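Take a look at the model, then ask what each label rests on.

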Amino acid sequence: MSETIFLKCKNNNVSGTIAFPASKSISNRTLIIQALCDKKFKIENLSLSDDTQILQSLLKSTDELLNAGEGGTTFRFLLAYLALKGKPLTITGSERLLQRPVQPMIDSLNNLGAKIEWIELDGSAALKIKESKLMCGEFEIEASTSSTLGRKDA
């Protein structure tokens, strides 16, 4: 596969071709970028991983309850995307996924204007995203926090 990147900018519009490997991480990021764009673009060579297929499905879903399954990047990327959209939804995942340390991300998004809170859903945890509007701002999340640690409030 070529590692050549071709982009051109005309009238503040960027167009071009970027060839990436079919990694889950890159695929999930590409799906979120596409979802954020007004003008959709073609994506080829997406990862065939469950996480990527779930994210792709959830981004198209009209359901009010979204289940990210086991996918950590699926859950975190979707949570930030949904907070930005400000549409009331509930997001959940596997029991193990919901034990991961996402509270710093929730706190940061809430500080920017999101309204996200933990709720009980059929005996397990889930996040309720209420109608809100994110404001511009900056925040830092400690990168050394391990995804193997439990939730702060658990």
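**Labels and their grounds**

Q: Which residues have the most contacts inside the largest nonpolar core?
A: This is a predicted model. Its largest nonpolar core has 30 residues. Phe-75, Leu-78, Leu-79, Leu-82, Ile-91, Leu-109 and Ile-116 have the most contacts inside it. At least two core residues each come from α1 (24-36), α2 (50-60), α3 (72-85), β4 (89-92), α4 (103-111) and β6 (124-130). The largest share, seven residues, is supplied by α3.

Q: What makes Ile-91 a contact partner of residues beyond its neighbours within four places in sequence?
A: The test is heavy atoms within 4.5 Å. Ile-91 is in contact with Leu-66, Phe-75, Leu-78, Leu-79, Leu-82, Ala-126, Leu-127 and Ile-129, with those neighbours left aside.

Q: Why is Cys-37 called partly exposed?
A: Buried means under 20% relative accessible area, and exposed means over 50%. Cys-37 has 28% relative accessibility, so it counts as partly exposed.

Q: Why is Cys-136 called exposed?
A: The cut-off is over 50%. Cys-136 has a relative accessible area of 82%, so it is exposed.

Q: What share of the protein's residues count as buried?
A: The share is 35% of the 154 residues. The cut-off for each is under 20% relative accessible area.

Definitions and conventions
Residues are numbered from 1 along each chain as its sequence is written. This is a predicted model: local features need pLDDT of at least 70, side-chain atom pairs count only at pLDDT 80 or more; totals for chains, interfaces and linings use all residues. Side-chain values use heavy atoms; hydrogens and water are left out. A nonpolar core is a set of buried Ala, Val, Leu, Ile, Met, Phe, Trp, Tyr and Cys residues joined through side-chain atoms within 4.5 Å. Buried means under 20% relative accessible area, exposed over 50%, partly exposed in between (1.4 Å probe, protein chains only). Helices (H or I, at least four residues) and strands (E, at least two) are DSSP runs, numbered from the N terminus.
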